[in-house]
Amino acid sequence: MNCDEADRFLDAYLDGELEPDKRAELEQHLASCPDCKQKLDRLRQLREFFTASAPHYSAPPELKGKVLARLEVTRRSNLMALVRQPWLYAAALLIVSLVLAWLNFFPNQEEQIANQAVANYERAALLERVCDVVSPDPAVVKPWFAGKLDFSPPVVLPGLNFQMRGGRLDVLNNRKVAAVTYKRDKDLLTVFVWPGAGKPIPEKDWSISGNSVCSWNAKGLNFVCVSNMDDRKMDEVVDRIKEAVTNQVVSNQ
């Protein structure tokens, strides 16, 4: 296993999701590679920081009593309903169970992808791995993705005094994606791109961990943009990127 392969497995390793053989292979590499071991330590520190910084709220003391009392009332009411109409109660219970199971196993996918994009954005900045290919020229960055992805991502310049830093490979929702990064003074912006493949991501905005996030679909491609800018600045840049992407795709047809 080389460093590039090890880097892609660090998140899954910390989550305990690697298969035993991959985990053993990664641990063997980490034991002999101080650079990758340092990346793993930084990533672990980042997670611990967010966990420690997350707000915790204590429930008021009287809440427990109210909940238990309400549950008791509900239990007695449900018991009477079961005695009177057992088939109806059983059907309702089955429906509720199915809904709860669906919510548990199928969370909001768009929000999940947005959170992953923010985590990748912050991890790349922390580990100083913003770009695999460093160049301000789209004519250099775009060909670099050839052969590394099963699609050709649009690589454009948004203007507004933003300079392209370069591009890198990343992973969102277990899929390999392109990530193109731009910088203007202290403003850092990364655009993640991958094919919609019949699952277009809706146009939506989020504010996650102090970062602005925007998603949209255009010309069969999904886009998620993450930046440390405020919403107003973000909207202006995203509009320029959308326009440039449309023009590039049309000119290539």
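Strand 4 (residues 187–195) pairs with strand 7 in the antiparallel sense, over seven bridges. The model is predicted. Its protein has 253 residues, and 36% of them count as buried. Eight helices and seven strands make up its list of elements.

**Overall figures**

- The accessible surface of the protein comes to about 15600 Å².
- Carbon and sulfur atoms hold 55% of that surface.
- Among contacts with a separation of 6 or more, 56% join residues 24 or more positions apart.

**Strand 7: burial**

- Strand 7 covers residues 221–227, and seven of the seven are buried.
- The strand is therefore largely enclosed by the rest of the structure.
- Both of its faces are covered.
- One side carries L221, F223, C225 and S227, all buried.

**Strand 7: pairing**

- N217 stands opposite N222 of strand 7.
- Strand 6 and strand 7 form a hairpin with two residues between the strands.
- In that hairpin, K219 takes a positive phi near 55°.

**Largest pocket: size and centre**

- The largest pocket holds about 910 Å³ of space.
- Its lining counts 30 residues.
- D11, R47, Q116, N120 and R123 are the closest of these to the pocket centre.

**Largest pocket: lining**

- Three helices supply at least two lining residues each: helix 1 (3–14), helix 3 (34–53) and helix 6 (109–126).
- Strand 2 (163–172) and strand 3 (175–184) also supply at least two each.
- Helix 6 gives the most, with seven residues.
- By residue class, the lining divides into 12 nonpolar, six polar and 12 charged residues.

Terms used: Residues numbered from 1 in each chain as written. Predicted model: local features only at pLDDT ≥ 70, side-chain atom pairs only at ≥ 80, totals over all residues. Heavy atoms only, no water. Helix = DSSP H or I, 4+ residues; strand = E, 2+ residues; numbered from the N terminus. Buried < 20%, exposed > 50% of the residue type's maximum accessible area, 1.4 Å probe, protein only. Contact = heavy atoms within 4.5 Å. Areas by Shrake-Rupley, 256 points an atom, 1.4 Å probe, with all protein chains shown as cover. Pairing = 2+ DSSP bridges. 1 Å grid on protein atoms, 1.4 Å probe; cavity = no way out; pocket = protein on both sides within 12 Å on 5 of 7 lines; lining within 4 Å. Points joined across faces, edges and corners; volume = space filled by probe spheres on them. Nonpolar A, V, L, I, M, F, W, Y, C, P; charged D, E, K, R; others polar.
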